[in-house]
Amino acid sequence: MAKDSDGFVRAIARGFATVEALGKPPGRHTLSEVAVIAGLSRATARRMLATLIVMKYCEVDGRYFSLRPRALGLGLSYLNALPYWGYAQRALEDLRNETGESCALAVLDETEIVYALRLPARRILSANLAVGSRLPANVVSLGRVLLAALPPDQRANYLATTEFKQITPRTVTDPAALERELQRVDAEGYGWIDGELDPAICGIAVPVRDHAGRVVAAISVNTISGTLSEAEAKEKYLVPLRRTAQDIRTQTSQAG
């Protein structure tokens with residue numbers, strides 16, 4: 001871990017590392033486990049845990065430490081700071097009701113997407129995904145849209161430095177092929193993926209833009225692979241998706 005400087009406070013970094021360690025399954029850990037997961041010495045982990053207990057972010061039961069409900073506020077602080085989040089909840093509910101399929105909104109965090117909203121339909125798989133869940137950006141339609149919106153230098157760096165794993169037989173792992181796909185997504189304004197993360201799931205996504213036209217998130221409709229082709233997905237879902245994205249942008253701009 002970096003040393004203290006004008007641009008880095010090591011104690012804060014250690015505190016967040018401890019919170020993240022406590023959030024790992026199974027959700028309760030001994031002092032030694034926290035130290036290992038967070039990459040801290042036992043003495044430092046003990047001080048971090050003691051501080052979190054005083055601040056009511058953590059509690060102890062015998063040998064085991066676990067997060068308290070107050071820790072949920074750390075994540076909600078980010079969501080509440082998103083100017084479009086409140087409008088997106090209602091807009092995605094309407095989209096799910098209209099399509100009858102699972103709908104989601106995600107943002108990009110380096111090489112992964114993070115779900116900021118997810119409204120599952122009964123028949124879709126991967127019901128374990130929820131707000132805060134992360135997935136590799138290259139294998140989901142939401143991620144393709146967000147990656148396609150990166151500035152050229154950032155996109156080139158992503159393609160040059162990211163290790164692409166073969167998750168399913170359909171997963172695109174060749175950087176050149178992925179770059180061509182991202183160029184297509186950028187040109188056509190939507191992303192489509194079928195079976196690259198899960199052989200049973202396909203999805204189509206579009207960007208959500210702010211008042212200045214910058215891509216700040218993406219929304220998607222996901223369904224069972226094999227039930228429709230890309231062309232059929234475009235015909236069925238692209239107009240509702242784009243309308244929803246525009247509604248979120250309009251409502252956010254008016255509120256601002």
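We take pockets, then cysteines, then salt bridges.

Mentor: This is a predicted model, with local features needing pLDDT of at least 70, side-chain atom pairs counting only at pLDDT 80 or more, and totals for chains, interfaces and linings using all residues. Residues are numbered from 1 along each chain as its sequence is written, and side-chain values use heavy atoms, with hydrogens and water left out.

Trainee: What volume does the largest pocket have, and which residues lie nearest its centre?

Mentor: Rolling a probe the size of a water molecule over the atoms shows where empty space is left. A pocket is an open set of points on a 1 Å grid over the protein atoms alone, where a 1.4 Å probe fits, with protein on both sides within 12 Å along at least five of seven lines; lining residues have an atom within 4 Å of a point. Volume is the space filled by probe spheres set on the points, which are joined across faces, edges and corners. Here the largest pocket has about 1,000 Å³. Its lining counts 27 residues, with Glu20, Leu74, Gly75, Gly132 and Arg134 nearest the centre. Helix α4 gives the largest share of that lining, six residues; helices (H or I, at least four residues) are DSSP runs, as are strands (E, at least two), numbered from the N terminus.

Trainee: How many disulfides does the structure hold?

Mentor: A disulfide is a pair of cysteine sulfur atoms within 2.5 Å. The structure holds zero, because the sulfur of cysteine 103 is 13 Å from the closest cysteine sulfur, in cysteine 202, too far for a bond.

Trainee: Is cysteine 103 buried or exposed?

Mentor: Buried means under 20% relative accessible area, exposed over 50%, partly exposed in between (1.4 Å probe, protein chains only). Cysteine 103 is buried at 1%, and cysteine 202 is buried at 2%.

Trainee: How many salt bridges does a search of the whole structure find?

Mentor: A salt bridge is a side-chain nitrogen of Lys or Arg within 4 Å of a carboxyl oxygen of Asp or Glu. The search finds 11. In one of them, arginine 170 pairs with aspartate 194, the closest N and O atoms being 3.0 Å apart. That pair links distant parts of the chain, 24 residues apart.

Trainee: What separates arginine 184 and glutamate 188 in helix α8?

Mentor: About one helical turn, because they are four residues apart in α8. Arginine 184 is partly exposed at 21%, and glutamate 188 is partly exposed at 37%.
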